[in-house]
Amino acid sequence: MPGTKEIRTKIASVKSTQKITKAMEMVAASKMRRAQDRMRLSRPYAEKIRVVIGHLNKANPDYRHPFLVAREPKSIGIIVVSSDRGLCGALNTNVFKSTLMLMREWQGKGANVNLCLLGNKAAGFFRRLGVPILASVGGLGDRPHVKDLLGSVKVMLDAYRDGTIDRLFIVNAQFVNTMTQKPVVTQLLPVETIDAGELQEHWDYIYEPNAAEILDAVFMRYIESQVYRSAVESVACEMSARMVAMKAASDNAGKLIGDLQLVYNKARQAAITKELAEIVGGAAAV
């Protein structure tokens, strides 16, 4: 059994760790609310523009945008959205597992894989795999801005236009509730039709001044909205997962402190009993 001094040192160390985890839990809880508000504000626009863009597959404009044209998938691009920091449970691990499954699926079909990494954790993980990385950005913080994402996303869009990649996916964590976050895989390009049953057989939008100019701008807004939504949703997931993880760590630290305190009391009692026995034995010898 360790001595009382060693046990006291362990208790003090665990208490210091518990203070840190409690502080991180409180910080994550305060940031989580704001992150969830930004996520909820981004969802309606992103969902509506995705439906509108999906309808263009059934329209008949004079100008057929390259993002609507489906090609044989010889090479794919994947945008991976992760956090910049850890200590958020299995959030990033689950996103990486989904990405690896998607990569293996398309590599099994003979397609090449190119990555765009948003977040330091994704960059640190996938750079070790030897997969081509076309773009990477980190340090987005708790409030990502569209302008910080545009450079990396534009690289993937240019690669799609040039034919370097034939399909573009995005993998990110989706916020379900405070306790649950799940990874989702979404195909960005070519655009998939959504709610096709509501459309008439022959129809189209009215484009002013012309279809080419309007569609180019709308498709850029579409990509921006989907990537931005994924980024803010990932932040909300990160804060929720970190709050839950730090609460569990604080609770476990409390249990460990209780166990160590019990061991300390037993060691102290044993030491007192030993000293009393020595005193009685010495008195009897006299």
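Select Val80 and look across to β4: the bridge partner of Val80 there is Val171. Strands and helices here are DSSP runs (E, at least two residues, for strands; H or I, at least four, for helices), numbered from the N terminus. This is a predicted model, in which local features need pLDDT of at least 70 and side-chain atom pairs count only at pLDDT 80 or more, while totals for chains, interfaces and linings use all residues. Residues are numbered from 1 along each chain as its sequence is written, and side-chain values use heavy atoms, with hydrogens and water left out.

**The sheet**

Now show all of β1 (residues 75-81) and β4 (residues 167-177). They pair in the parallel sense over five bridges. Two strands count as paired if DSSP finds at least two bridges between them.

Move to β2 (residues 112-118). It runs parallel to β1, and seven bridges join the two. Select Gly77 to find Asn114 of β2 opposite.

Next, go from β4 to β5 (residues 180-189). These strands run antiparallel, joined by nine bridges. Pick Asn172; its bridge partner in β5 is Val184. β4 and β5 form a hairpin, with two residues between them.

Zoom out. The five strands form an open sheet in the order β3-β2-β1-β4-β5, with mixed pairing. At the edges are β3 (133-137) and β5, each pairing on one side only. Neighbouring strands are turned by 20° against each other on average, direction ignored. Axes are lines fitted to C-alpha atoms, for helices over the stretch in contact, and angles run from 0 to 180 degrees between N-to-C directions.

**Helices on the sheet**

Select α2 (residues 91-108). This helix lies across β1, β2, β4 and β5 and runs at about 150° to β4. Then select α4, which packs on the sheet and touches β1, β2, β3, β4 and β5. The direction of α4 makes about 170° with that of β3. Contact means heavy atoms within 4.5 Å.

**The pocket**

Select Arg50, Ile170, Asn172, Gln174, Val184, Thr186, Leu188, Gln226, Arg229, Ser230 and Glu233: they line the largest pocket. Those giving two or more residues to this lining are β4, β5 and α5. α5 gives the most, with four residues. The pocket volume is about 160 Å³.

On a 1 Å grid over the protein atoms alone, a pocket is an open set of points with protein on both sides within 12 Å along at least five of seven lines; a cavity is a set where a 1.4 Å probe fits but cannot get out; lining residues have an atom within 4 Å of a point. Grid points are joined across faces, edges and corners, and a volume is the space filled by probe spheres set on the points.

Colour the pocket lining by class: three nonpolar, five polar and three charged residues. Ala, Val, Leu, Ile, Met, Phe, Trp, Tyr, Cys and Pro count as nonpolar, Asp, Glu, Lys and Arg as charged, and the others, Gly among them, as polar.

**The cavity**

The structure holds one cavity of 30 Å³ or more. Select the lining: Val146, Leu149, Leu150, Val153, Leu157, Met220, Ile223, Glu224, Val227 and Tyr228. α4 (146-162) and α5 (211-285) are the elements that give two or more residues to it. By class, the lining has nine nonpolar, no polar and one charged residues.

**Last stop: an aromatic pair**

Show Phe67 and Tyr160. Their rings sit edge-to-face, 5.7 Å centre to centre, with 75° between the planes. Phe67 lies in the loop between α1 (4-55) and β1 and Tyr160 in helix α4, so the pair ties together parts that are 93 residues apart in sequence. Rings of Phe, Tyr and Trp (its six-membered ring) pair if their centres lie within 6.5 Å; planes under 30 degrees apart count as stacked, over 60 as edge-to-face and the rest as tilted.
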